[in-house]
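Let's take a walk through this model, going from the overall fold down to a single residue. Have the viewer open and follow along.

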Amino acid sequence: MSARRLPPAGLVPLLAALLLPACRSAAPPPPPESPPADSTAELLDRVGRQIQPEAPFVGESRVVERLERFRYDGSPEGFDRRLRLALALLRVGRAAEAVELYDLLLEEAIRRGLPDEERIPRVELPRAVACLRLGEQENCVGRHTGDSCLFPLRDGAIHTERRGSTAAVEALEKILARRPEDLLSRWLLTIARQTLGDGPEAIRPEWRLDPSRWAPKRAFPRFPEVAGPLGLGVNGLAGGCVLDDFDGDGLLDVMASASYPIETDEGQLRLFRNLGDGSFEDVTEASGLAGIRGGLDLAPADFDGNGYLDVLVLRGAWQMEHGRWPNTLLRNDGGRFTDVTVRSGILRFETTQAAAWGDYDLDGDLDLFVGTELGFPGVATGTIARLVVGMMGTWRRLTGPAEPPAHLWRNRGDGTFEDVFPSLGLDVEGWIKGAVFGDYDRDGRPDLFLSRYGATNVLLHNDGPGRVGRWSFTDVTAHAGVGAPELSFPAWFFDFDDDGWEDLFVGGYPRIDAAFPPRGLPVELKTSAADEISEFLGKSVASEDGKPRLYRNRGDGTFEDVTRAAGLWVAMSAMGANFGDLDNDGFLDLYVGTGTPPFEFQVPNRAFRNVGGKRFEDVTVAANVGSLAKGHGVGFGDLDDDGDQDLYVVLGGAFPGDAFPNALFENPGFGNDWISLRLEGVSANRSAVGARIEVTLADRSGAPVRRLHRTVGSGGSFGASSLRQEIGLGRLVESGGSILDVEVTWPDAAGTRQRLGPLAPDAAWSVRQGEPAARLARRSFSLRTP
């Protein structure tokens, strides 16, 4: 094979000199100096005020300001600027104005004789999407009900303000008259018709999608959406969530963030205290959180071991060089928080979303991994875009300051951290979208998995302290066989088949086509929903883009890809995602929040039930949890203390105008038994993160018949479930069975094992390391009765 011919050495710099001035956005302002006070609130305010129109997503209001003067420019040169202004108006939430401007632009396009192949994608389809969003704003958001935007739309999801959807139907039908096979237009027409209360018969047969394609395949109880009446339906953008007990009263509270804005109170981090009577109280200000704004993700952990859950707020993801925003570390002192970011030593100005807590050195203090997003992934589909992306990366490395790809903050045990990542010598640079600790080989040391969008994922084996006491990690990705998918996002370790070995789920994400507009405008990240729509409708596509991976742990250091056999080989734009036990049968199910930034990318979030540890079945429609709003932080937790896990989902998109109320799906109950375990470490870290639990079930004769395995943690990489382990037992009592034994392997240097013996089911237990289990008082209540 002949060697590939390389370009002359001077060609790349020459191309960079010629092309980069035309495609690079203006340099973002430098990060502000660290404030003298130990607070990031002032920094957030200053950074927010400096956001430029070149900043992706968050810069759209500045784009409107820049292009407003062209609103009525009828010149041929002004047409493109007006199109971009209409898009920006939609993106900042001014949908009615966007529709009006698109109307003028459509008249002009017809007058100018633009051909269909240009007029439909540039004017007509964006206009139809703007009409749909107008209907969503006036109904799903403005007149929100528990049914709003749950697919298929029915009952309370029917629009009372009909102008948006009516105009969308008319626009989409005109497009389909010329492009009858266009799947996106047929899908959006189906949604628009449903919002008007119309059945499939209202759609012409050649455009109609078969409703049997999304009809439930089996019965499954519906989960009512109850966030609104409880005051938990925060109307915001993409963000993270935590379901856990922040004040030590034994009840799960709810914390939710929104990625933007960071300079006004609309982006305020929110905390809701569970009052134990079916209602929640907004204690944001009383908890000392005022001014803490923004945050695409939240990572909880009791890093100081005082018995109260602290939180890391992560910011800047997807913003590229414009996302150098500070993270915030909040210390919890019994329900009141203090910003200790500066004091702890972790203040950095970087683009981040992925973080994971774990005691990697087993000293009893939780350490912190934070991944960054350097450059832009080289997965753009266009040749020119790929060339530009490569040159931008070269330019950044040659002209910018050295930026670390990640941090491994070792907890010193005195409230401060030191970054030991540089000493590890590992190459993990890329867009790190997910990070999770898990002891995949059961050697007692937490290993680390990194999901990197646009690059091979990374599994780092924790090698321990070595001869000289220096801890190290080895990249074992190739040996373990867990590098795919290249286009990945959320991830987690969990034992889906209950064999005692941690398996691995890695969510897929669609391919991005980067378009670089003229200077003064943000880069456009384009995606297609076609594959996801097709596979939701039951039609397989050959492309691997957007497809997740489910890796079964073989127990020998390697994994088997069982995605297809498990029924998960389907395209999903996975963002926020997590796992839990929806039906308390003892097998871990999963929920996937879906979507990409463009407004036309409207697909249901997905729920999958684990069938006996062998395969997963889609229960999205049956459970009534398939919101069309973009799904981000996902958390499972028993909010009403009735023994089953409820589901909280942060909804809303990336653009300022794509806000949507968060959802709380109350578990209707399945009649199965359960046990709840709250662990407290002594030589292990206090919140017992990483502890392994084995519950042995016996039949009526007392013989062991089943073993259930759980690991203490908050679950997936985007959204945080309760650290309290809520374990379904199936029909244990009805069958005459019992809990024969519960064994905990504590995450300390000795790998201490503790057998608790038989425990009563349908009860909550507190377990302090080295002491007998103590039964907790518990009173269930309804979430629907404030």
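Start with the secondary structure: the chain has 14 helices and 41 strands. Its radius of gyration is 26 Å, close to the 28 Å that the globule rule gives for 786 residues, so the chain is as compact as a globular protein of that length. Keep in mind that you're looking at a predicted model.

Of the 786 residues in the chain, 61% are buried. The chain exposes about 28,700 Å², and 51% of that comes from carbon and sulfur atoms. As for charge, there are 85 positive and 115 negative side chains, with the centres of the two sets lying 5 Å apart.

How does the chain connect to itself? Take the contacts between residues at least 6 apart in sequence: 62% of them join residues at least 24 apart.

For a local example, zoom in on Ala623. You'll find Ala623 in helix α14, which covers residues 620-623. Is Ala623 buried or exposed? Its relative accessible area is 2%, under the 20% cut-off, so Ala623 counts as buried. Which residues touch it, once neighbours within four places in sequence are set aside? Ala623 is in contact with Phe220, Pro221, Arg222 and Phe223.

Methods. Residues are numbered from 1 along each chain as its sequence is written. This is a predicted model: local features need pLDDT of at least 70, side-chain atom pairs count only at pLDDT 80 or more; totals for chains, interfaces and linings use all residues. Side-chain values use heavy atoms; hydrogens and water are left out. Helices (H or I, at least four residues) and strands (E, at least two) are DSSP runs, numbered from the N terminus. Buried means under 20% relative accessible area, exposed over 50%, partly exposed in between (1.4 Å probe, protein chains only). Contact means heavy atoms within 4.5 Å. The radius of gyration is taken over C-alpha atoms; the globule rule is 2.2 Å times the number of residues to the power 0.38. Accessible areas come from the Shrake-Rupley method with a 1.4 Å probe; for residues, only the protein chains shown count as cover. Lys and Arg count as positive and Asp and Glu as negative; His and the chain ends are not counted. The place of a charge is taken as NZ of Lys, CZ of Arg, CG of Asp or CD of Glu.
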